[in-house]
Amino acid sequence: YTVRGYDEETGVSGPYDKNGITYKIPVKQTVPTAQGKNTIRNFLLTGLQPVGSTMYMLGGGWDFSGSRHGSGIDSRTIGVSPLWEKFALQQTAKYNYRNHEYETRNGLDCAGYLGWTVYNTLHTTSGGPGYVMWSQSYGDNFRGRGWGTCRSIYSIKDYKAGDIMYNSEHVYIVVGQCSDGSVVLLHASPPGVMISGTYTKNWKSDSEAVRLAEYYMKKYYPAWYQKYPKVARGTYFLTDYDQFRWYVNGKGVLTDPDGYTEKSAAQILADLFR
């Protein structure tokens, strides 16, 4: 573009720089969206939708209006709430979730995020019964629905795509396990909804999962990563959680035609962002 002066009275234009100025508009990386099928792949694609644009909000996604706390309107709505991104864009690198507790429609906490992801995976219309509950309840609740099986902390052998890891303080979704035993995961944790990677079980912080999480957050969510670059999670994410695993053989609500439960974290991420 270029600019030159113009005299309205005489209709005469002034000289201008014939070369002008060129500005290259950066190409926004596109993040894949879900396709409405009840598969492990779609479960993870759905979980990616609020990543990098939704702040952690204690009570986010909940309804506290009645005597029985449960799913708020946003966690039972198809699609990402525009309120989440609007609020996130107003925040700086110094965001402190404690200053916004129970602003329930401005973000999601860990259970609100999982409840939203499950609802948006299994449903196509808004307003039905939701899946937000205390984090430690997810395993027994989903097993009771006939959706899968549970393992306690002490009997976990491995981590597969779609596994839900839970305890009394937090809940997260496994993307996949790496060759060094570390795990790439999706969750809502301060400062917000993100891809994270665990250390290894011997507390190696430069794990394959951490490197993968850093790569994908930096590439696909650069504005978020610039403000919130910390993606690593400690070994306790592998040692302090029980595990729920979906049936994928037709007995439950999800299937795995893409073979995600047999793929590594690197293979799954490459396919999700292909």
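Residues are numbered from 1 along each chain as its sequence is written. Because the model is predicted, local features need pLDDT of at least 70 and side-chain atom pairs count only at pLDDT 80 or more, while totals for chains, interfaces and linings use all residues, and side-chain values use heavy atoms, with hydrogens and water left out.

Trainee: How many helices and strands does the protein have?
Mentor: Helices (H or I, at least four residues) and strands (E, at least two) are DSSP runs, numbered from the N terminus. Counted in this way, the protein has 8 helices and 11 strands.

Trainee: What percentage of the residues in the protein is buried?
Mentor: A residue is called buried under 20% relative accessible area, exposed over 50% and partly exposed in between, with a 1.4 Å probe and protein chains only. Among the 274 residues of the protein, the buried part is 48%.

Trainee: Which residues touch the most other members of the largest nonpolar core?
Mentor: A nonpolar core is a set of buried Ala, Val, Leu, Ile, Met, Phe, Trp, Tyr and Cys residues joined through side-chain atoms within 4.5 Å. The largest such core has 64 residues, and those that touch the most other members are Phe142 and Ile195.

Trainee: Which helix gives the most to this core?
Mentor: The helix in question covers residues 110-122 and contributes 8 residues to the core. Its name is α3.

Trainee: Which tryptophans does Phe142 touch, not counting residues up to four places away in sequence?
Mentor: A contact means heavy atoms within 4.5 Å. On that basis Phe142 touches residues including Val118 and Tyr131, and also the tryptophans Trp147 and Trp246.
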